[in-house]
Structure formats: structure tokens, C-alpha cells
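Please read them with the coordinates open.

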Amino acid sequence: PQLAANIGGVQRPLIIAPDAAGNFPFGRFTEEEWKQIRLSSPKPQILLPRMINELKGFDDLRLESRLEKALRDASFVSARGGDEARLVYIEAAEMVDAIRPSGLYKVDNGKLVVNVVLVRNNEQFGEKIILEGSPDESEEMMERLVEEIVRQSTLVVALIFRSTGLTILKSEAGRPKGLETVESFGKVHRT
């Protein structure tokens, strides 16, 4: 109802189903068709980062926006048919199971020291990431930080995905191991 307030009406959900609602066959793949299907691997979902200069209480070096740019760049596919994106960057502060980089930094004797933790579901996971360098190298440091974020968060995504009981591994035939045929909507037959 709140979403439709501006159109002068009230949206009400309407369930529409065919008379014989149930499972129905929709396709079967041949070995050659399986070879043509390219599955992407699960990717970590990364939220807006939080970076603060611990001595000043705000982001005076603008590392947060530089890290956002590096994360956004890492979330794009390099070229059609090229390497796939390494992460999914979501410009939001909160989302269940997504990962939020949160860090403090300081400049001490001309050296920039960055400490970042990864937060998932309001709990820290993985190892604390510590980078050191010159304040002039902050963009390169943010790119190195993205590499470490991807490395640590990819491990978590693999564990989460494994806990669902599904695995996406390519067999020699090119189709995912563990999946034989999909015969009906909502059902997956395992080999």
C-alpha cells in the first residue's frame, strides 16, 4: 500500500495460477547443450565501505570514495566474453549476508596505515587487513585492499554456498557435476 500511495490507489497482491497448478516439464539438455552453458561462480556481495581517519574522526583523505571506486571497477566485467566480475558491489549500507568493509586509518610520520575489518551480519569475519604506504599511493592501496577483500570474502561465499548442499564444479563433459537433468519446474534431479 505504501508503494502505491502516489498513484491514488492501493496495490493488492493477486495470485494467478493455471488451472492445473503443479510441476510441468519444460526441457531436457543434451550433452552438447550442457557444454554451451557457462555458469558463473558465486561472487561475494560487497556493501558500501566505511573509512574514517581515527585521529580526526572523519575521512579527510577521501579513502572511502577511492575504495568505492575500486570496488565498483572490480564489479564490472572486463569485456564481453572476457573475465567475469570478481564481486557484486551493492551501493547500500545494509543487506543480509552481504559484506561491508569497515576501517580506520591514520597518517603517522608520513606513512599511511589502514586497518580494515570485514563485517557480515553485524559480525566481523576473516582476518584484519592492514596496509601501509605513502598517502600519495592511496589509490593503489585501495586497489590492493580490494584484492584482499575479494580473497577473504570469496572464501566465505564458497563456505556459504557449500552449506546449501549445492556445488558448482565442472565435469569433464562441461556440465555441472551433481546435476543430471532438469525435468520439471522446481525440481532438480541429482546424479
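1. Basis. This is a predicted model; local features need pLDDT of at least 70, side-chain atom pairs count only at pLDDT 80 or more, and totals for chains, interfaces and linings use all residues. Residues are numbered from 1 along each chain as its sequence is written, and side-chain values use heavy atoms, with hydrogens and water left out.

2. Confidence. The mean pLDDT of the protein is 77 (pLDDT is the predictor's confidence in each residue, from 0 to 100). Of its residues, 66% reach 70 or more. Strand β2 (residues 50-53) has the highest confidence, at a mean of 97. Strand β7 (residues 181-184) has the lowest, at 34. Over residues 166-191 the pLDDT is below 50, yet this stretch has 54 contacts in the model beyond near neighbours in sequence. A contact here means heavy atoms within 4.5 Å. Please read those 54 contacts together with the pLDDT below 50.

3. Fold. The protein has 3 helices and 8 strands. Their order along the sequence is α-β-β-α-β-β-β-β-α-β-β. Helices (H or I, at least four residues) and strands (E, at least two) are DSSP runs, numbered from the N terminus. Among contacts with a separation of 6 or more, 57% are between residues 24 or more positions apart.

4. Surface. The accessible surface comes to about 13,200 Å², by the Shrake-Rupley method with a 1.4 Å probe; for residues, only the protein chains shown count as cover. Carbon and sulfur atoms hold 52% of this surface. Of the 191 residues, 28% are buried. Buried means under 20% relative accessible area, exposed over 50%, and partly exposed in between (1.4 Å probe, protein chains only).

5. Strand pairing. Strands β2 and β4 run parallel and are joined by 4 bridges. Two strands pair if DSSP finds at least two bridges between them. Strands β4 and β5 are antiparallel, with 10 bridges. Strands β5 and β6 are also antiparallel, over 8 bridges. Y105 of β4 stands opposite N53, and its bridge partner in β5 is V114. Further along, V116 has I129 in β6 as its bridge partner.

6. Hairpin turns. The hairpin of β4 and β5 has 2 residues between the strands. There N109 takes a positive phi of about 55° although it is not a glycine. N109 is exposed, because its relative accessibility is 79%. The hairpin of β5 and β6 also has 2 residues between the strands, and N121 takes a positive phi near 55°. N122 lies in the loop between β5 and β6. Its phi is positive too, at about 65°, and it is not a glycine. With a relative accessible area of 75%, N122 counts as exposed.

7. Core. Which residues have the most contacts inside the largest nonpolar core? They are L67, L87, V114, M142, L145 and V146, in a core of 24 residues. A nonpolar core is a set of buried Ala, Val, Leu, Ile, Met, Phe, Trp, Tyr and Cys residues joined through side-chain atoms within 4.5 Å. The elements giving two or more residues to this core are α2 (63-74), β4 (99-108), β5 (111-120), β6 (123-133) and α3 (138-163). Helix α3 gives the largest share, 6 residues. Leaving aside neighbours within four places in sequence, L67 contacts P49, M51, P101, M142, L145, V146 and I149.

8. S75 is in the loop between α2 and β3. Is S75 buried or exposed? S75 is buried, because its relative accessible area is 19%. Its side chain reaches the backbone oxygen of R72 at 2.6 Å. S75 also touches A85, L87 and Y89, not counting residues up to four places away in sequence. F76 lies in the loop between α2 and β3 (88-89). F76 counts as exposed, at 51% relative accessibility.

9. G57 lies between β2 and α2. G57 is exposed, at 53% relative accessibility. G57 and L104 are 47 residues apart in sequence and 9.3 Å apart in space, C-alpha to C-alpha.

How values were computed: Polar contact = N/O pair within 3.5 Å; in protein donor to acceptor, adjacent residues only side chain to side chain.
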